[in-house]
Amino acid sequence: MAGQALLSARGLIRDFRGFRAVDGVDLDVAPDSVHALVGPNGAGKTTLFNLLTGFLRPSGGRIQLAGRDVTGLPPEQVARLGVARSFQITSLFPQLSAREHVELALQSPSGLGWRFWRSAKLMRRYTDRAGELLDMVGLAELAEAPAEALAYGRKRALELAIALALDPKVLLLDEPTAGMGLEDVDRTVDLIARVRSGRTVVMVEHNMSVVGRLADTVTVLQAGKVLVEGPYEQVRADERVITAYLGAADAAH
Amino acid sequence: MTSTVDTPADAARPTPPSGLVTVARAPGWVRYALLAVGLLTALWLPNGLYPAVAVDILCWALFAVAVDLLLGFTGLMSFGHAAFWGTSAYVTGLVAIHLGLPFPVAVLAGALTAAALAVPIGYLAVKRTGIYFAMVTLAFAQLVYYVANEWRSVTRGENGLQGVPRELFGLDLRDDYYFYYAILPIVLLGLAAAWRIVHSPFGRVLVGIRDNPARARALGYPVHRYKLTAFVLSGFIAGLGGGLFAVGHRFVSLDVLHWTTSGKAVIVVVLGGIGTLWGGVLGAAIVVRLEDWLSFSGFEAIGLVTGGIFVLVVLLFRRGIWGSVAALVTRWWAARRR
């Protein structure tokens, strides 16, 4: 299994001042699969995401991408190796337009960003491709609007467009449908279903219907550890998972 | 020309600009008209002011634009830019005195030294953000100040470097009026360079880093290296200003490295408008002119007046003079088109 996995973690640990948020997680994400991470709040899903993308350094364990050790690499290098991510809390450049966001992402792999002596008009070479991507996520009409003026669902769509602009091998989506209305959820699920071909998607998701519609494999985390892993139907019926969720619900009361 | 981020032409901006930058984008003819007015003013300046004051305004304009490149477009507040302004002033002075080279060559040597000094300082400083970045830059600037103070054999300590020549192929530039026109092309080149940096693909990345560094990193941009490059470019432009200042005054004193010089640069930028580039030029003109007027009128507590104006601007016009005017004009323009 480990040999085939595109993205894998072995014994991943992350400590925060005496609190172990991720506690010895093993994860194998198969190529061309959609892999969902679920679990109650505080299970360590977002911490795991931040470890996988270099935003946090692991306290222990290794991370491999396509057979290459990427443990401890800074986020920009992980991104350059083909891992794109979205953020749980919408993370955009408020004053740039939607099109400028995508252009900035498209420009990233080239050296153009260093050309401080050239005109920004050179970035127009990305305009066509940016238009296609914005069209894909349903933002074609809002291409020139500054990100801060977009409605919430549109911002999430823009996040996806930026991640896709990097043409990543692995797409990590942190709660892509969080806070969305039903219509936007459907649209996002359709979109992920469309862009997943030829790509590997890892997503943190609370909405079980979304997980059921998209995920090939589901990993359930609890208290920083892997509780169960397997296909959606199997995981959903697992006693331990039901207990974990009910337990978390009880604790919340 | 008024705007900062190179936004698409005629992009509808439904919300008023927020944060550090006015994203107003005036139509083409307005920008060319402003450019023409700016150039004509620059050409006329020593006829309307004391030429020595006009020379100071040019030098400080470069300094302010250099600081705004970091403060307005990279989101870094350097509180130690006197290190680059002052180092360049000393190197320019020393090169001009001891080697007798034409002053533009001396100024270039000074600016390059300032840029070289910005590499290690920037390397250590860009790992910090916010107030910690300001403190690291201040600490290094103080270090440079004390080195200059102690290294008397070279810097002449408190006596300063005297008699910096205004050599330019034997031309007589002793008169400040002619010297102004001799340095004007260099200053315009420096300002044009800053404008180009801001409106380059690099400048676009800087604005991204300023607004959301985590997102920029997730896109694959090495944020520290971008900030360092901006820091070095800023150091070079500040150095251009400092070198010209040294030749302009024919004298370099420790004041050029003092922390109040760094502070004044920040005040000039805030007064003119952070993230507006040309606001810094305006701020420099106002502060230098005002200080000259106050000192001429025999008023002692100059800092009290400039400080008071600074507080007023920060409280009432948070976008600075240029930013506030640009926002007003944009609103008027948008209303008219409706």
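Q: What should the 21 residues of helix 5 (residues 130-150) of chain B span, and how far apart are its end C-alpha atoms?
A: At 1.5 Å a residue, helix 5 of chain B should span 30 Å, and its end C-alpha atoms are 31 Å apart, which agrees. The expected span is 1.5 Å times one less than the number of residues. Helices (H or I, at least four residues) and strands (E, at least two) are DSSP runs, numbered from the N terminus.

Q: Ground rules before we go on?
A: This is a predicted model: local features need pLDDT of at least 70, side-chain atom pairs count only at pLDDT 80 or more, and totals for chains, interfaces and linings use all residues. Residues are numbered from 1 along each chain as its sequence is written, with chains lettered from A and ligands numbered from 1 in the order in which they are written.

Q: Which residues of helix 5 of chain B are buried?
A: B:Phe133, B:Ala134, B:Val136, B:Thr137, B:Leu138, B:Phe140, B:Ala141, B:Tyr145 and B:Ala148. Buried means 20 or more other C-beta atoms within 10 Å of the residue's own, with C-beta atoms placed from the backbone.

Q: What covers them?
A: The cover includes helix 3 (82-99), helix 4 (103-125), helix 6 (152-155) and helix 11 (259-272) of chain B. Contact here means C-beta atoms, placed from the backbone, within 7 Å.

Q: Zoom out. How many helices and strands are in chain B?
A: Chain B has 14 helices and two strands. Of its 338 residues, 54% count as buried.

Q: What about its radius of gyration?
A: Chain B has 20 Å; a compact globule with 338 residues would be near 20 Å, which agrees. The radius is taken over C-alpha atoms, and the globule rule is 2.2 Å times the number of residues to the power 0.38.

Q: Is helix 3 of chain A mostly covered or mostly open?
A: Mostly covered: ten of its ten residues are buried. They pack against helix 4 (127-136) and helix 5 (152-165) of chain A, together with helix 8 (201-211) of chain B.

Q: Last one: in what sense do strand 9 (residues 217-222) and strand 10 of chain A pair?
A: Antiparallel, over five bridges. Strands pair if DSSP finds at least two bridges between them. A:Gln222 stands opposite A:Lys225 in strand 10 of chain A.

Terms used:
A residue is buried if 20 or more other C-beta atoms lie within 10 Å of its own, exposed if 12 or fewer, and partly exposed in between; C-beta atoms are placed from the backbone. Two residues are in contact if their C-beta atoms, placed from the backbone, lie within 7 Å.
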